[in-house]
Amino acid sequence: MTWLSKSITSLGFLFLAHACYSAHEHSALHSTSTATLSSLTSHGPAASAVASLPIDISIETVVAIFTICLALVLGTPELRPIQWRVWAGKIEREGEKGFMNGDGEVEKDYVGNPFKVLESRPGFVDIRKQRKEFAEWVREGGDLATAPKS
Amino acid sequence: MASSLLHPPAHLAPSVALRLSQQAPYLLRTTPSAISPYSISSLWSSAESPELWTTYENLMLSCLRTGDEQSAHTCLERLTERFGAENERLMALRGLFQEAIAKDDDALKKVLKEYENILVKDPANMPVSKRRIALLRSLNRTSEAITALNKFLDASPTDAEAWSELADLYVTNGMFPQAIFALEEVLLVTPNAWNIHARLGEVLYMAASSETGTDKHLPESMRRFCRSIELCDDYLRGYYGLKLTTSKLLTTLSQSQVSRQSKGDTGLPPPDIKDIERLNELATAKLSEIVRRNTSGEAGWEGYEKPEIIAAQELLNRDAAPITR
């Protein structure tokens, strides 16, 4: 999805740049062709140049802006749930996989279940017990293949 | 995965801890040891982020768990360099390191003595008093730990973590009414914590299974599990508990129809037997849906833990067996 939105965005910017360039060229040509000594104060011809801008340049500008808007909307990440139970259910059901951004990485602010610390309690961690358990796990020949990924 | 280094590693599986600590030498080499704000190099190096120091702390815990004391010590040194030795959190971390490398009980007692010295100087040092309680528990001096924890909670009654630890201590001692009270205190601080609601349901169920007070605890336990499901869609632990409690309620209520009528003094009326039946059916349906979808590897249903799924399958099988016979 992201490559689609990115390519459409760049296409839109290309159109926009082209429209700007055309408008600039048009006004420059227009002002030199109608330049007279009396209208060198630049206010008069500029106003008339804007007024007489060809319709195709205007259309191109509008189309370019709409294209860019569309592409940016397409590229937004999925909306997050705003209901507590839906959000919590998503965490339980999908785990980390539910919170990937477009590039396949887990989002920076993902914390999983924020209340898990009330059960793991890092402030009261019993490090010796953990070491013992880990040593036992190694002795039993724990292997990485069967372990759950996190 | 770098993201798991940003969370406290206590609940991780041993294999994940091993993987994290295996990354330690690499991480220690690549991450900066200190970022000084007034040097030329700060122009091109990345800005200091809080994640960096969280990473160090969690990396140290993982390394200690797997026995890589050298890397853990490097982490500790870098943290000390940044925050100073008088930082409260670092004092606790240093104590943790000494606990981990302690060879025998004498060394541990020395650490405990050190904690007490620190606390005499500064009684408001929360991290160190938490470590002291944890060490007391680790030395099997549970009653002392409970007393110390109660004193701690008198000083800071809004610490949900400490209330939760107290509840756990009470449960290991089999003091269920006290544990229930402590968990209710946790819920006063964090009323939306769905796992604590489920935990309270479990403790109530345990209390109901022990010899005291069956008819009050079991409906309450069912209500707690219902609340945890209300707070979290498709919560496996909640549905598992709901199924257990409703099945048990159905058997006890059908046995003692009379005693149910006599109760009217507790706040909530006893649940209707039809509602319990419907809840039981719902829990069975939901559990089998979760198990089916998870085992078939459906997208968006892969976040459950394997042991929990196996346990749910077991429960469903146990239930289905009498029907097929």
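**View 1. Residues 160–193 of chain B, the stretch annotated as a TPR repeat**. In this predicted model, residues 160–193 of chain B are 82% helix and 0% strand. The name "repeat: TPR" comes from UniProt, where the entry is unreviewed.

**View 2. Residues 112–203 of chain B, the stretch annotated as an EMC2 TPR-like domain**. UniProt, again in an unreviewed entry, gives "domain: EMC2 TPR-like" for residues 112–203 of chain B.

**View 3. The fold of chain B, with 16 helices and zero strands**. Chain B has 325 residues, and 37% of them are buried. Of the contacts within chain B between residues at least 6 apart in sequence, 52% link residues at least 24 apart.

**View 4. The contact between chain A and chain B**. On one side are 40 residues of chain A, and on the other 51 residues of chain B. Three elements of chain A each give two or more residues to the side that touches chain B: helix H4 (84–94), helix H5 (117–120) and helix H6 (127–139). H4(A) gives the most, with eight residues.

**View 5. Residue classes on the side of chain A that touches chain B**. This side of chain A comprises 18 nonpolar, ten polar and twelve charged residues.

Terms used
Residues are numbered from 1 along each chain as its sequence is written. Chains are lettered from A and ligands numbered from 1 in the order in which they are written. This is a predicted model: local features need pLDDT of at least 70, side-chain atom pairs count only at pLDDT 80 or more; totals for chains, interfaces and linings use all residues. Two residues are in contact if their C-beta atoms, placed from the backbone, lie within 7 Å. Helices (H or I, at least four residues) and strands (E, at least two) are DSSP runs, numbered from the N terminus. Ala, Val, Leu, Ile, Met, Phe, Trp, Tyr, Cys and Pro count as nonpolar, Asp, Glu, Lys and Arg as charged, and the others, Gly among them, as polar. UniProt positions are given in the numbering used here, feature names are shortened, and annotations may be inferred rather than shown by experiment. A residue is buried if 20 or more other C-beta atoms lie within 10 Å of its own, exposed if 12 or fewer, and partly exposed in between; C-beta atoms are placed from the backbone.
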